[in-house]
Amino acid sequence: MSTTQLGMPTIGVPRKGFFTDTSLCIGCKACEVACKEWNQIPADTSLKLTGESFDNTSSLGADTWRHVAFIEQKVPATDPSAHDGVKWLMSSDVCKHCTHAACLDVCPTGALFRTEHGTVVVQQDVCNGCGYCVSACPYGVIDQRKEDGRVFKCTMCYDRLGAGEEPACAKACPTKSIQYGELDELRERADARLEELHERGEEGAQLYGRDPEDGVGGDGAFFLLLDEPETYGLPPDPIVTTRDLPAMWKRAAGAAASLLAGAALVFWGARK
């Protein structure tokens, strides 16, 4: 695996990322609006109330690069955070910009690339619509547009980063639930925030995607959650889906060699 694939940015350029503190999210969807406006993302014509919450975008997609989830929970009326026995968990989801990104491994055209900031970006003019990256993503983030089959996802506002600006979603977030910066500094900030919440009695608070030793090598966009990852629709133990590819190719090559050797023996035996 190359240094670029491992998520290391250009020498001397600290890796950038997102830290989303869901305990601060108020569900205003300012991040969704800012993302659409800056990146000129088409309107999602399938918007509808799900019948399960006030969330009308439902999930990330080709036309929704930031998605604010509204999770309604029934809790005891004695819970100070509840209203009439109902508690809301809100979280702004986004592409995780994985350290070990399976989408990069499977892309046959080089449409997906690792930037100097350590983020993962799609070049739509190079994408051939094969969809390999869609099935390879362990988070189900990447999506194809039905019109032409090309894939789209968060770029972490690559053009804004090049101009020294922060991503539009982080800029628009009124509570600083979405924080952008150098990844190492964000991790330190997240650790301190987690400790603070635990001291307040938020025993369910946990960091998700922060650990560089997890199945994807840590995420460039990680989260502080107030409940289990499954509650937010996140896989509890994501693993880079291409981790076994080298071993698989090695076994396939060994099998092919064995078949060729067997065929050669049969051929030469028949000639004798």
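A nonpolar core is a set of buried Ala, Val, Leu, Ile, Met, Phe, Trp, Tyr and Cys residues joined through side-chain atoms within 4.5 Å. Buried here means under 20% relative accessible area, with exposed being over 50% and partly exposed in between (1.4 Å probe, protein chains only). Keep both in mind as you open this predicted model, where local features need pLDDT of at least 70, side-chain atom pairs count only at pLDDT 80 or more, and totals for chains, interfaces and linings use all residues. Residues are numbered from 1 along each chain as its sequence is written, and side-chain values use heavy atoms, with hydrogens and water left out.

**Stop 1: the core**

Select F18, C103, L112 and L224. In the largest nonpolar core, which has 62 residues, these four touch the most other members. Now centre on L112 and show its contacts (heavy atoms within 4.5 Å). Setting aside residues up to four places away in sequence, L112 touches C103, L104, C107, V120, V121, V122, C133 and K153.

**Stop 2: two paired strands**

Next, colour strand β1 (residues 16–21) and its partner β8, which run antiparallel and share five bridges. Strands pair if DSSP finds at least two bridges between them. Helices (H or I, at least four residues) and strands (E, at least two) are DSSP runs, numbered from the N terminus. To see the pairing, pick G17 and look across to G181 in β8. How many of the five residues of β8 are buried? Four of them are, so select residues 178–182 to view this mostly covered strand.

**Stop 3**

Select C25, C28, C31 and C173, which an unreviewed UniProt entry lists under "binding site". They are spread over 149 residues of sequence, yet they cluster in space, with a largest C-alpha distance of 10.5 Å. UniProt positions are given in the numbering used here, feature names are shortened, and annotations may be inferred rather than shown by experiment.

Take the members in turn. C25 is in the loop between β1 and α1 (30–39), and it counts as buried at 17% relative accessibility. Beyond its neighbours within four places in sequence, C25 is in contact with V68, M90, S91, S92, T175 and S177.

Is C28 buried or partly exposed? C28 is also placed in the loop between β1 and α1, and its 43% relative accessibility makes it partly exposed. C31 lies in helix α1 and is buried, at 6% relative accessible area.

**Stop 4**

Now select C35, C154, C157 and C169, listed for "binding site" in the unreviewed UniProt entry. They span 135 residues in sequence, but no two of their C-alpha atoms are more than 10.5 Å apart, so they gather at one spot.

Zoom in on C157, in the loop between β7 (151–152) and α4 (158–162). C157 is buried, with a relative accessible area of 6%, and its contacts outside four places in sequence are W38, N39, P167 and A168.

Then move to C169 in helix α5 (residues 168–172), which is buried at 5% relative accessibility. Apart from neighbours within four places in sequence, C169 contacts F18, C31, A34, R66 and I178.

**Last stop: a link between the groups**

Which residues does C31 touch, not counting those up to four places away in sequence? They are R66, V68, S92, C169 and I178. Show C31 and C169 together to finish the tour at this contact.
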